[in-house]
Amino acid sequence: MTLTNRRFRASGRSRITGLAIAATLFAAAPFLTAQAQQQHAHVHGQLKLDVAIDGPTVVIDMESPLDNIVGFERAPKTDAEKKAVEEAVAQLRAADKLFTVDPAANCKLGPVDLRSGALGLGNPDPSEPAGHADLDATFSFNCTNAGAAKFIDVNLFSAFKGLRQIDSQIATAQGQFKRQLKRPSGAQAEQPARLGWGK
């Protein structure tokens with residue numbers, strides 16, 4: 001076999017391998033697009049909480065349509081809307097009233113990072129679609145024994161009346177968990193909802 005034939009066969013294999021990879025990616029594109037859209041879904045009444053226990057910290061990431069928090073999805077226009085935003089921001093900054101980490105972890109509220117383009121807070125997601133503003137936040141809790149935490153009592157339903165459902169993913173040393181909390185009814189509506197994990 002000549003050197004030219006070897007090069008042709010080798011380049012032919014590379015082309016076939018490249019075509020196979022391209023075909024696989026092309027076939028997966030609809031799935032990946034749907035998955036990306038689902039991850040960034042903007043559904044009124046629903047909020048996403050991701051909880052990570054890492055070393056001495058409990059970090060809670062929140063993604064929510066702005067409507068759930070203040071009742072509208074744009075910059076405030078009226079004095080009443082501006083007041084609603086001020087009150088909501090104050091509640092979120094006092095995150096230790098919204099989230100009570102299991103006392104066994106002995107946690108204190110650390111940094112709170114709020115992000116919303118419509119409200120001019122932090123560094124919001126630049127891909128946020130116009131007319132569908134979000135409010136995202138990261139709440140950090142510094143703990144002496146974060147690994148001992150088995151639950152967080154969540155007071156978001158009583159604080160924000162537009163919220164109906166919380167979808168949560170939790171990552172701990174014991175594993176990863178998915179949980180869903182629904183707005184309680186009746187007398188339970190003002191009580192915290194418990195987001196639990198582990199054994």
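Figure 1. In E9, the bridge partner of Phe-151 is Gly-196. The model shown in this and the following views is predicted. Ile-152 also has its bridge partner in E9, namely Leu-195. Altogether, E6 and strand E9 (residues 193-196) are joined by four bridges in the antiparallel sense. Strand E6 covers residues 151-154, and both of its faces are covered. Phe-151 and Asp-153 lie on one side, Ile-152 and Val-154 lie on the other, and all of these residues are buried.

**Figure 2. The open sheet of three strands.** The order of the strands is E3-E6-E9, and the pairing is antiparallel. E3 and E9 are the edge strands, each pairing on one side only. Neighbouring strands of this sheet are turned against each other by 25° on average, direction ignored. Strand E3 (residues 99-101) pairs with E6 in the antiparallel sense over three bridges. Within this pair, Val-101 has Ile-152 of E6 as its bridge partner. Strands of a sheet pair through backbone hydrogen bonds, in either a parallel or an antiparallel way.

**Figure 3. The open sheet of six strands.** This sheet has the order E4-E5-E2-E1-E7-E8, and its pairing is mixed. Its edge strands, each pairing on one side only, are E4 and strand E8 (175-182). On average, and with direction ignored, neighbouring strands of this sheet are turned by 15° against each other. Strand E1 (residues 46-54) and strand E2 (residues 57-65) form an antiparallel pair with seven bridges. One of the residues to look for is Val-51, whose bridge partner in E2 is Ile-60. Helix H3 (residues 79-93) lies across E2, E4 and E5. The helix runs at about 145° to E4.

**Figure 4. The disulfide between Cys-107 and Cys-143.** A search of the whole structure finds one disulfide. The sulfur atoms of Cys-107 and Cys-143 are 2.0 Å apart in this disulfide. The two cysteines link distant parts of the chain, 36 residues apart: Cys-107 belongs to strand E4 (residues 107-115) and Cys-143 to strand E5 (residues 134-143). The disulfide is right-handed, because the torsion about its S-S bond is about 100°. Cys-107 and Cys-143 are both buried. A disulfide is a covalent bond between the sulfur atoms of two cysteines.

**Figure 5. The largest nonpolar core and the surroundings of Val-58.** The largest nonpolar core has 45 residues, and Val-58, Phe-99, Phe-139 and Leu-156 touch the most other members. E5 gives the most to this core, with five residues. With residues up to four places away in sequence not counted, Val-58 touches Val-51, Ala-52, Ile-53, Val-101, Cys-107, Phe-139, Ser-140, Phe-141, Cys-143, Ala-146 and Ile-152. In soluble globular proteins, nonpolar side chains tend to be buried together.

**Figure 6. Ile-170 in strand E7.** Ile-170 is placed in strand E7, which spans residues 165-172. With a relative accessible area of 2%, under the 20% limit for a buried residue, Ile-170 is buried. Although Ile-170 and Val-51 are 119 residues apart in sequence, their C-alpha atoms are 4.6 Å apart in space. Val-51 is also one of the residues that Ile-170 touches.

**Figure 7. Asn-68 in helix H2.** Helix H2 (residues 66-70) contains Asn-68. The relative accessibility of Asn-68 is 2%, so this residue counts as buried. The side chain of Asn-68 makes a polar contact with the side chain of Ser-64, at 3.1 Å. Leaving aside neighbours within four places in sequence, Asn-68 is in contact with Val-43, His-44, Gly-45, Gln-46 and Leu-47, as well as with Phe-160, Gly-162 and Leu-163.

How values were computed
Residues numbered from 1 in each chain as written. Predicted model: local features only at pLDDT ≥ 70, side-chain atom pairs only at ≥ 80, totals over all residues. Heavy atoms only, no water. Disulfide = S-S within 2.5 Å. Buried < 20%, exposed > 50% of the residue type's maximum accessible area, 1.4 Å probe, protein only. Pairing = 2+ DSSP bridges. Axes fitted to C-alpha atoms, helices over the stretch in contact; angles between N-to-C directions. Contact = heavy atoms within 4.5 Å. Core = buried A, V, L, I, M, F, W, Y, C linked by side-chain atoms within 4.5 Å. Polar contact = N/O pair within 3.5 Å; in protein donor to acceptor, adjacent residues only side chain to side chain.
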